[in-house]
Amino acid sequence: MSGSEFSLDDIDLDTFWMPYTGNREFKRNPRLITGAKGCHYHTADGRTVLDGLSGMWCCGAGHGRKEIAEAVARQALELDYAPAFQYGHPAAFKLASRIKEFMPEGLDHVFLVNSGSEACDTSLKIARAYWRQKDQPSKTRLIGRAKGYHGVNFGGISVGGIGMNRKLFGTTLETDHLPHTLLPENRFSRGMPDQGAELADELEELVALHDASNIAAVIVEPFAGSAGVIVPPKGYLQRLRAICDKHDILLIFDEVITGFGRCGTNTGAHYFGVTPDIANFAKQLSNGVIPLGAVVVRGDIYQTFMDTGGPDYMVEFPHGYTYSGHPMACAAGLAALELFEKERLAEQVAEKAEYFEDCIHGLSNHPHVLDVRNLGFAGALTLEAHPGEPARRPFEVAMWCWQHGLYVRYSGDTLLLGPPFVMGKPDLAEIFNILGDGLRAA
Ligand SMILES: Cc1ncc(COP(=O)(O)O)c(C=O)c1O
């Protein structure tokens, strides 16, 4: 539907309690999206807007991909829903096998979920249950990282490290947090910064404090996305891996943003050369068409549950969702992975990443820019705050951009960029032209 066919009078804005949104501001100043094609959105007021964040990091293959839409439609007519527990359907098995093909060696069993938040809580439950099944029930504590984002469920906010996401809710799990790696000496780094690998050694301090016999897992994003593309210092993830190995602590990578192309590789694990024990995916897995996520585990973790699960009619891992492996999500996932492979989407990112890097660092001298960070097709600008209002300037710049044909997201004191993998250089250049003007206007 194009914007011109739409009237705001058709919509009651009040009843829908919008997620993670300033409802009062939005409802005064609605920004309604009515269509999408390729790398553009169409708005209710009849405009075309460049998509600077692949939706919310999930539409790398571009919008309106017929291959995915048709696969979903076919599946809906053939098998709309099948019970997810104790019965199965072929597409879920096919999708799990297909996901495995894109994983680093050793990550070879796949649990399907519907979102990044579900993937996160599922991975934390797997980690805790694993140690119980290994007769080490005291290994329960979960270590996250400051500025980490692992979705909005209770597990995710407990290991998450963004204060605003935690303060209203209370956190109930036994957790602790590593320090973040956003160092002032690394400002304006291109890709991985040089300083700070030793921050991983803080895990030794947490082991000294809690004892490894009480720690189940460490969870980090390979690069922290939502807090503003905080790229790990060179060698940091290797050190984290080594300390986890030394103390028998599981390492979970939350690859909800980094997985399936964003880094220019299949996964962040491939990009950084570090393989976790468990990896979480969502977003790009179905190109955003149908909610879908996955938790991929090492074979021996899966096998531990099989070996300790009691009689074979018993459930080995009492966890799962009504819509785990939903037939339409699986159809979308299979079609999206087909496109991912056929159109070499990860390679496309790798080929254009340097151009993206040059463009985003071209904004370094613009007004209010305190830092620029990037990796693959992900980037962020930290902006100088208005006194006492750290989040206002990014909001103002993002709103200016929206009015001038560019969608970018703001989060805290940062602006986030993550264009679709298929975006060509002219559109990429246009993103930064508009953003540059927006910074000057702010
Ligand atoms: C790293 C990471 N984990 C988890 C999530 C939560 O995903 P969802 O919003 O699909 O629940 C996100 C969302 O941005 C994310 O970036």
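This is a predicted model: local features need pLDDT of at least 70, side-chain atom pairs count only at pLDDT 80 or more; totals for chains, interfaces and linings use all residues.
Reader: Thanks! What makes Arg-98 and Glu-341 a salt bridge?

Author: A salt bridge needs a side-chain nitrogen of Lys or Arg within 4 Å of a carboxyl oxygen of Asp or Glu. The closest N and O atoms of Arg-98 and Glu-341 are 2.9 Å apart, so the pair meets the 4 Å limit. Arg-98 lies in helix H4 and Glu-341 in helix H12 (residues 327–342), so the bridge ties together parts that are 243 residues apart in sequence. Helices here are DSSP runs (H or I, at least four residues), strands are runs of E (at least two), and both are numbered from the N terminus.

Reader: Why is Arg-98 called buried?

Author: Buried means under 20% relative accessible area, exposed means over 50%, and partly exposed is in between (1.4 Å probe, protein chains only). Arg-98 has 10% relative accessibility, so it counts as buried.

Reader: Which other pairs pass the salt-bridge test?

Author: The structure holds 23 salt bridges. One of them joins the side chains of Asp-194 and Lys-234, at 2.6 Å from N to O. Asp-194 sits in the loop between strand E6 (175–178) and helix H8 (202–210), and Lys-234 in the loop between strand E7 (215–220) and helix H9 (236–247), so this pair ties together parts that are 40 residues apart in sequence. Another joins Arg-344 and Glu-351, at 2.7 Å. There is also a network of salt bridges that links Arg-241, Asp-245, Asp-277, Arg-298 and Asp-300.

Reader: Is Asp-194 buried or exposed, and what about Lys-234?

Author: Asp-194 has a relative accessible area of 55%, so it is exposed. Lys-234, at 45%, counts as partly exposed.

Reader: What makes a group of residues a nonpolar core?

Author: The members are buried Ala, Val, Leu, Ile, Met, Phe, Trp, Tyr and Cys residues joined through side-chain atoms within 4.5 Å. In the largest nonpolar core there are 58 residues, of which Ile-99, Phe-260, Leu-381 and Leu-435 touch the most other members. Helix H12 gives the most to this core, with eight residues. Apart from it lies another core, of 38 residues, including Tyr-41, Leu-240, Cys-263 and Leu-375.

Reader: Which residues does Leu-381 touch?

Author: Contact means heavy atoms within 4.5 Å. Leaving out residues up to four places away in sequence, Leu-381 touches Ile-360, Leu-363, Asp-371, Val-372, Asp-413, Thr-414, Leu-415, Leu-435 and Leu-439.

Reader: Why is one space called a pocket and another a cavity?

Author: On a 1 Å grid over the protein atoms alone, a cavity is a set of points where a 1.4 Å probe fits but cannot get out, while a pocket is an open set with protein on both sides within 12 Å along at least five of seven lines. Lining residues have an atom within 4 Å of a point. Points are joined across faces, edges and corners, and a volume is the space filled by probe spheres set on them.

Reader: How many cavities are there, and what lines the largest cavity?

Author: A search of the whole structure finds four cavities of 30 Å³ or more. The largest cavity has a volume of about 100 Å³. It is lined by 14 residues, and Leu-182, Asn-186, Pro-193, Val-231 and Arg-373 lie nearest its centre.

Reader: And what about the second largest pocket?

Author: The second largest pocket has a volume of about 1,200 Å³. Among its 35 lining residues, the closest to its centre are Ala-84, Val-110, Phe-111, Tyr-302 and Glu-316. Helix H4 (90–101), strand E4 (107–113), strand E10 (293–298) and helix H11 (299–308) each give two or more residues to the lining.

Notes
Residues are numbered from 1 along each chain as its sequence is written. Side-chain values use heavy atoms; hydrogens and water are left out.
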